[in-house]
Amino acid sequence: MKHHADGEQPDHKARRVHMNSGPQLTNRLGSFWTILGQQGILDYLQAQRFLGLLSPEPDKMKQPGILSAERTRKLLRPWIDEGVLCYRAYYARQKGVFWLTTKGYKYAQLNLRYYEPVPSSLSRLIAVNNVRLLIAERHPKDTWRSEREIRAAQHADANGSTPPHVPDAELISPDGIVRAIEVELTIRAEKRLEAIVNDLAADKHYNAIWYFLPESVYSAVTKAVRKLPPEHRKRFGFFSLKGDPYTHESKESTQQSGT
């Protein structure tokens with residue numbers, strides 16, 4: 001037995017095992033995992049913005065609506081080490097993107113397949129994420145249903161028939177109004193674009209179809225929409241990638257289905 005000098009106590013701290021070591025889950029992180037899995041990826045700035053929107057104490061944030069880069073790194077880095085989260089910078093001198101591991105999908109309780117991004121898919125996914133952020137700020141009570149979730153439901157219900165075009169998301173309001181969300185960055189072949197527009201217009205599930213697109217693509221999409229019957233045309237709304245309604249030919253439709 002080890003003897004100690006008078007008044008000296010044995011050092012139990014050195015042998016103490018801390019049961020609560022490692023990163024701890026919070027409601028904010030749980031919601032963040034869900035969003036990340038639904039969208040497939042989030043870039044660094046988008047992660048900052050979603051974590052800011054999900055903050056339990058928004059009044060204490062240095063910058064409203066966005067978590068600082070340092071706090072984001074401290075919050076998420078332990079989960080990379082835990083094998084829940086992946087992060088990779090695909091391009092030199094640019095911040096990278098986050099996505100969930102297979103373990104991460106289990107943490108998020110999402111019945112979605114593991115997805116690892118490739119560089120060619122990033123610009124489109126990031127654009128759709130930005131639209132989701134935009135809508136989350138303007139319509140915080142609405143529910144966003146991602147393309148990945150829609151496809152997963154279609155796969156579960158598959159009966160051998162060819163499914164119609166799947167929008168980039170569905171937006172469901174508390175009173176049951178359902179809007180299809182489309183983010184179009186480039187001009188598609190005319191026949192393909194007309195087929196997509198016809199599919200969306202034919203789906204009576206959608207009360208409105210919102211297109212978010214740059215000015216350079218606007219004319220091609222509205223040309224396809226103008227070929228539809230008037231009752232279908234009025235369900236379409238057109239917005240810039242920043243959420244501003246186009247005010248020329250689409251003025252009537254954006255007023256009727258407006259944000």
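Which strands does helix H3 (residues 69–81) lie across? The legends below, for close-up views of a predicted model, begin with the sheet and then turn to the helices.

**View 1. The open sheet is built from three strands.** The strand order is S1-S3-S2, with antiparallel pairing. Strand S1 (42–43) and strand S2 (85–88) form the edges, each pairing on one side only. S1 is joined to strand S3 (residues 97–100) by two bridges, and these two strands run antiparallel. Val-97 in S3 is the bridge partner of Asp-43.

**View 2. Helix H3 lies across S2 and S3.** This helix, residues 69–81, runs at about 110 degrees to S2.

**View 3. Helix H2 (residues 44–53) is mostly covered.** Of its 10 residues, seven are buried: Tyr-44, Gln-46, Ala-47, Gln-48, Phe-50, Leu-51 and Gly-52. The cover over these buried residues includes helix H1 (27–39), helix H5 (119–138) and H3, together with S1, S2 and S3.

**View 4. H2 and H3 come into contact.** Their axes come within 10 Å and cross at roughly 90 degrees. The two helices are therefore roughly perpendicular to each other. On the H2 side the contact involves Tyr-44, Ala-47, Gln-48 and Leu-51, which meet Ala-69, Thr-72, Arg-73, Leu-75 and Leu-76 of H3. By class, six residues in this contact are nonpolar, two are polar and one is charged.

Methods:
Residues are numbered from 1 along each chain as its sequence is written. This is a predicted model: local features need pLDDT of at least 70, side-chain atom pairs count only at pLDDT 80 or more; totals for chains, interfaces and linings use all residues. Side-chain values use heavy atoms; hydrogens and water are left out. Two strands pair if DSSP finds at least two bridges between them. Helices (H or I, at least four residues) and strands (E, at least two) are DSSP runs, numbered from the N terminus. Contact means heavy atoms within 4.5 Å. Axes are lines fitted to C-alpha atoms, for helices over the stretch in contact, and angles run from 0 to 180 degrees between N-to-C directions. Buried means under 20% relative accessible area, exposed over 50%, partly exposed in between (1.4 Å probe, protein chains only). Angles under 35 degrees count as roughly parallel, over 145 as roughly antiparallel, 65 to 115 as roughly perpendicular and the rest as oblique. Ala, Val, Leu, Ile, Met, Phe, Trp, Tyr, Cys and Pro count as nonpolar, Asp, Glu, Lys and Arg as charged, and the others, Gly among them, as polar.
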